[in-house]
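Thank you all for coming; I would like to take a few minutes to walk through one model with you.

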Amino acid sequence: MYKIAISDLDGTLLGPDHKISEQTKTSIHQWINTGRKFVIATGRHYIEAKTLQENIGEPMYLISSNGARVHNEAGEIILKQNLPAHIATEICELELPSSIQVNLFTDQHWYANFHIQTLDEMGLNADFNCQATDILKLDKSNIIKIFFWADRALLEVLHDQLKLRFGNRINLTFSLEKCLEVMDANTNKGTAVKAVVEQKGLSLQDVIAFGDGMNDVEMLSIAGKAILMKNSQKALRNALPDAELTLSSKDHGVAFKINQLLS
């Protein structure tokens, strides 16, 4: 039986309303009450992941910013990977279509070149909001990640442009249909999961992992058991054709699988 469950948030643990259901919280409590561990692994900032963890009401490890940060149950950082400052600077200096929103995370702040109401409404913490600013003037020495929000066609072009310019110096991934993320080359949820498992004295075979997007692929690839949501991105299903499917996030797919395992 798996000893640790690790779950993505948006499109996985959270419903389309970006909230966690009472049904899912109950299943997590039952899982933990059997002596097992539960871990959140998200592209969201630590502050937002921490807010959700407090909502669940259980201490747990938090993997945030697609693995750029890992915090233990006491809130201490056990893994930290930033996007190199010179790369962050180069990316911010690119001439991009005016409709592409450029977002930067630091440990305390979320900056962007302009506001998008849709993203503001997706927030999990009312005190952690996007701050519109001149991103060219920002200090780039502590950038956790950069992400772009725009129509998919524009992001596909940008993806190829970034890949050509930076190659294997960065990790590029589509976490959502309209979200292209840029991290340090060694940053991904898989690397973060390895750090958590090592801290816990467990093996990767003890891990069951849940995800729906391409930013989950490294995590799902190394887990003892990979579970994809019914609403998973087509690219993820193609990348992991043998992975098991559960119900959609709308239908509480993580809770459904956890309940199966517990019964």
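Before I give a volume, let me say that by a cavity I mean a set of grid points where a 1.4 Å probe fits but cannot get out, and that the volume is the space filled by probe spheres set on those points. Please also keep in mind that what you see is a predicted model.

With that understood, how many cavities of 30 Å³ or more does the count give? The count comes to one, and the volume of the largest cavity is about 290 Å³. Its lining is made up of 20 residues, and those closest to the centre are D10, G43, R44, L176 and E181. If we ask which strands contribute, β9, β10 and β11 each supply at least two residues of that lining, and the largest share, three residues, comes from β9.

Strand β7, residues 110–112, runs parallel to β8 and is joined to it by three bridges, with Y111 standing opposite Q131. Setting aside neighbours within four places in sequence, Q131 is in contact with H109, W110, Y111, A112 and H115. Its C-alpha lies 7.9 Å from that of F114, a residue 17 positions away in sequence.

In soluble globular proteins, nonpolar side chains tend to be buried together. In this model the largest nonpolar core holds 25 residues, of which I91, I146, F148, L162 and V182 touch the most other members. Two or more residues come from each of α3 (85–92), β6 (101–105), β9 (145–149), α5 (152–166), β10 (170–176) and β11 (179–184). If we take F148 and leave out its neighbours within four places in sequence, its contacts include I91, L96, L155, L162, L180 and V182, and also Q101 and K178.

Finally, there is a second sheet to describe, again open and with mixed pairing, in which eight strands follow the order β5-β4-β3-β2-β1-β12-β13-β14. Here β5 (77–80) and β14 (244–245) stand at the edges with a single partner strand each, so one side of each is left without a neighbour in the sheet. Strands β1, residues 4–7, and β2, residues 37–41, run parallel and are joined by four bridges; within this pair, the bridge partner of S7 is I40 in β2. Helix α2, residues 46–56, packs on the sheet against β2, β3 and β4, its direction making about 150° with that of β3. Helix α9, residues 253–262, lies across β1, β2, β12, β13 and β14, and runs at about 160° to β12.

Notes
Residues are numbered from 1 along each chain as its sequence is written. This is a predicted model: local features need pLDDT of at least 70, side-chain atom pairs count only at pLDDT 80 or more; totals for chains, interfaces and linings use all residues. Side-chain values use heavy atoms; hydrogens and water are left out. A nonpolar core is a set of buried Ala, Val, Leu, Ile, Met, Phe, Trp, Tyr and Cys residues joined through side-chain atoms within 4.5 Å. Buried means under 20% relative accessible area, exposed over 50%, partly exposed in between (1.4 Å probe, protein chains only). Contact means heavy atoms within 4.5 Å. Two strands pair if DSSP finds at least two bridges between them. On a 1 Å grid over the protein atoms alone, a cavity is a set of points where a 1.4 Å probe fits but cannot get out, and a pocket is an open set with protein on both sides within 12 Å along at least five of seven lines; lining residues have an atom within 4 Å of a point. Axes are lines fitted to C-alpha atoms, for helices over the stretch in contact, and angles run from 0 to 180 degrees between N-to-C directions.
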